[in-house]
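Student: Could you take a close look with me at one part of this protein, the patch of negative charge on the surface?

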Amino acid sequence: MANQQAIPEGDSYSTTTASTKSSFDNLNLPFSGQISSVILAPTSLQHFLSIKLSSHNYLLWESQFIPMLKSYNMMRYIDGSFKCPDEFLPSEDGKITILNPAFLEWHRGDQLLLSWIISSLSEVVHSQVVGLDSSYKVWTTIKRIYAAQSRAKVQQLKSALQNLKKGNESITTYFHKAKDVAHQLAMASKPVVEEDLVMNIISGLPTDEYGTLKVSLRTRVDPINLEELYSLLLVQESEISKLGNVEDPSAYVAH
């Protein structure tokens with residue numbers, strides 16, 4: 001039988017692995033024996049954060065970022081519940097100060113999270129937080145600048161959808177306008193239910209030209225989808241156009 005070489009008790013790999021595991025246990029991060037399995041390099045964040053934060057998509061960006069932070073138990077860094085420990089502690093004899101291990105662990109996690117956040121920002125947003133040295137400072141600054149702005153934009157878009165009017169626009173232009181507002185709401189992490197969008201579009205049609213069709217659509221048993229509605233409105237628009245092009249016989253009556 002071949003001789004099997006036992007791993008010495010002081011084996012450097014075992015010692016390093018145990019030390020690393022202890023380090024990440026303090027951060028409450030998942031551990032599988034290798035640092036690379038725990039730390040997400042900024043370049044790999046594209047698999048989790050497909051959209052970089054810009055000046056108009058804060059709510060969408062936040063909705064992507066927070067689940068990842070929760071899965072790694074790192075929300076506590078940005079909500080202020082995990083305070084930075086003292087960097088130095090007095091020695092047992094009180095004569096000197098020593099570096100606090102708890103601070104090292106906290107700082108390591110904080111800088112990791114800071115790198116994640118920075119790598120998910122567009123250049124415009126990044127310029128707003130240059131010089132801030134902690135994940136908490138960067139997160140709260142971004143939230144202060146963009147959260148209220150995003151909420152105001154959402155309310156503006158919802159109001160625009162509720163007050164949608166066709167006016168003199170073509171059906172195609174009117175439809176695209178409605179869908180664009182809905183798209184912007186979806187980008188703000190406030191998607192519009194298709195049935196609600198359909199009703200908003202119907203409500204904005206002029207009653208004098210589309211009154212009969214509006215009543216028919218509102219009273220039908222089965223809800224209509226956007227594609228069907230668009231087709232029906234194009235047909236109605238065509239009929240209205242034909243009626244408008246019929247020459248007035250009175251124009252040929254001699255006066």
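Tutor: Happy to! Helices here are DSSP runs of H or I with at least four residues, strands are E runs of at least two, and both are numbered from the N terminus. By that rule, Glu-227 lies in helix 10. This is a predicted model, where local features need pLDDT of at least 70, side-chain atom pairs count only at pLDDT 80 or more, and totals for chains, interfaces and linings use all residues. Residues are numbered from 1 along each chain as its sequence is written, and side-chain values use heavy atoms, with hydrogens and water left out.

Now the patch: Glu-227 gathers on the surface with Glu-194, Glu-195, Asp-196 and Glu-228. Two elements, helix 8 (194–203) and helix 10 (226–245), each give two or more residues to this negative patch, and helix 8 gives the most, with three. Patch members have over 30% relative accessible area (Shrake-Rupley, 1.4 Å probe, only the protein chains shown counting as cover). They also have no salt bridge, and like charges are joined within 9 Å. Asp and Glu count as negative, Lys and Arg as positive, while His and the chain ends are not counted; a charge is placed at CG of Asp, CD of Glu, NZ of Lys or CZ of Arg.

Helix 10 also holds Glu-239 and Lys-242, which are three residues apart and so separated by about one helical turn. They form a salt bridge (a side-chain nitrogen of Lys or Arg within 4 Å of a carboxyl oxygen of Asp or Glu), with the closest N and O atoms 3.9 Å apart. Glu-239 has a relative accessible area of 40%, so it is partly exposed (between buried, under 20%, and exposed, over 50%).

Methods: Patch = residues over 30% accessible without salt bridge, like charges linked within 9 Å, V, L, I, M, F, W, Y side chains within 5 Å. Buried < 20%, exposed > 50% of the residue type's maximum accessible area, 1.4 Å probe, protein only.
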